[in-house]
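Dear colleague,

Please find below the structure that I am handing over to you.

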Amino acid sequence: MNYTDFVTANADAFLRSRNIGFEMLATLAHEQGFGDAQVLLTSSPVHGIATATSDIDLICVTSQAVSKGQMATQIHRDGQHCEILPIGAGDLQRAFADLALLSQRALPQRLAGYQRWDSGHAVRKKYLERIVYAVATDGRAHHLAHLPALIPVAAAQEYDAFHQSRICAVLADRAGEPDAARGYLINACLSAMAAALSLGGWVLSNKKWTLRRWREAAGPRMRVIDPFLQDRLTAMWSSVGELAPAATPREIAALDDVDRRLGLLTGAPSLSDAMPHTSAPCTQAALDKRSAFLIGDDGRARLAATTETQDPPADLASPASIATAHAASLLRSARSGALSFSLVAASSSAEEKEDAHALAD
């Protein structure tokens, strides 16, 4: 897939549909004091999925000093709603350098580093993603050279979301919650689709576009999805929409093959059957005999059962045979935030954890 041609053609088509040109975007940036900046058109217009009501999102890469908490400026001009956000050129250069380093690490480290990315970088990860695909006012996609570094990092996040939903689907099925199991299956399918799209080079973290991109990516002009995942996930999405409860265990079983394929493509084949978990330390205040008010280290409050939670099994071969009460207990802990099944926990090397932390410093 030639993403340079893809994004530039989409940008041109979008501007023609609005009866405006790149010169108008450059003028808006100049009026805001960014005459020296590289002005970038980003988001849905360059991905070819903009609608009649889509905003025009502009990023100005400038040599000027930019505050880390800088907000986008809202502008209305000739019926168009534009957002202009300045980003320091030095901050962007550092972000791309760190992204390249992160992309070379093992999957658990990629997850850990990207999860705390925003706390250590002036360029937030959602803007970093947008800039990679952005088209400048000279009509060129200057930053697509960083796409190979973005792909393994973004795909790891989607794979982790899929993996967690897969575990919860298994637990919900075992706990006798078929509706919840179906909900987790839907989340797992969408996350797997997003992971497959990212692996094909089409990274877009906004979930509202996942299904539309999935259908378009299978068309004759793109075909960026792994054929095995294309077939399995398309069939799965059709099945989880059925009303028959029998579809749930069948599709839960089908997740095994999807997980193995995604694990292989994301560079984590040894993790596909793992069930790592981390417990979130919380301050508890009993409300009654069955529930508690929890305040986690992240400062968020939750409700969870006060009954002692048993440890999860070591791998995904076991949940199908664990007791119903055990599965229900694990599911409550996951829902309350007291237990996480993220693959971040699969990293047991202290050196790896220190490296991931140093990246964000």
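The notes below set out what was found.

This is a predicted model, in which local features need pLDDT of at least 70 and side-chain atom pairs count only at pLDDT 80 or more, while totals for chains, interfaces and linings use all residues. Residues are numbered from 1 along each chain as its sequence is written, and side-chain values use heavy atoms, with hydrogens and water left out.

I begin with the core. Buried here means under 20% relative accessible area, exposed over 50%, and partly exposed in between, with a 1.4 Å probe and protein chains only. Leaving aside residues up to four places away in sequence, Leu150 is in contact (heavy atoms within 4.5 Å) with Leu99, Tyr114, Glu129, Val132, Tyr133 and Val203.

Turning to cysteines, the whole structure holds 0 disulfides (pairs of cysteine sulfur atoms within 2.5 Å). Cys60 is buried at 0% relative accessible area, and Cys189 is buried at 0% as well.

The second largest pocket is lined by 18 residues, and Ser43, Asp57, Arg130, Asn206 and Trp209 lie nearest its centre. A pocket is an open set of points on a 1 Å grid over the protein atoms alone, where a 1.4 Å probe fits, with protein on both sides within 12 Å along at least five of seven lines; lining residues have an atom within 4 Å of a point. Helices α3 (44-47) and α7 (125-133) each supply at least two lining residues, with the largest share, 3 residues, coming from α7.

Asn19, in the loop between α1 (3-17) and α2 (22-31), has a positive phi near 60° and is exposed at 71%. Arg223, in the loop between α10 and α11, has a positive phi near 50° and is exposed at 62%. Most residues other than glycine have a negative phi. Asp226 also lies in the loop between α10 (210-217) and α11 (227-240), but is buried at 16%; beyond four places in sequence, Asp226 touches Arg261 and Leu265.

Yours sincerely

How values were computed. Helix = DSSP H or I, 4+ residues; strand = E, 2+ residues; numbered from the N terminus.
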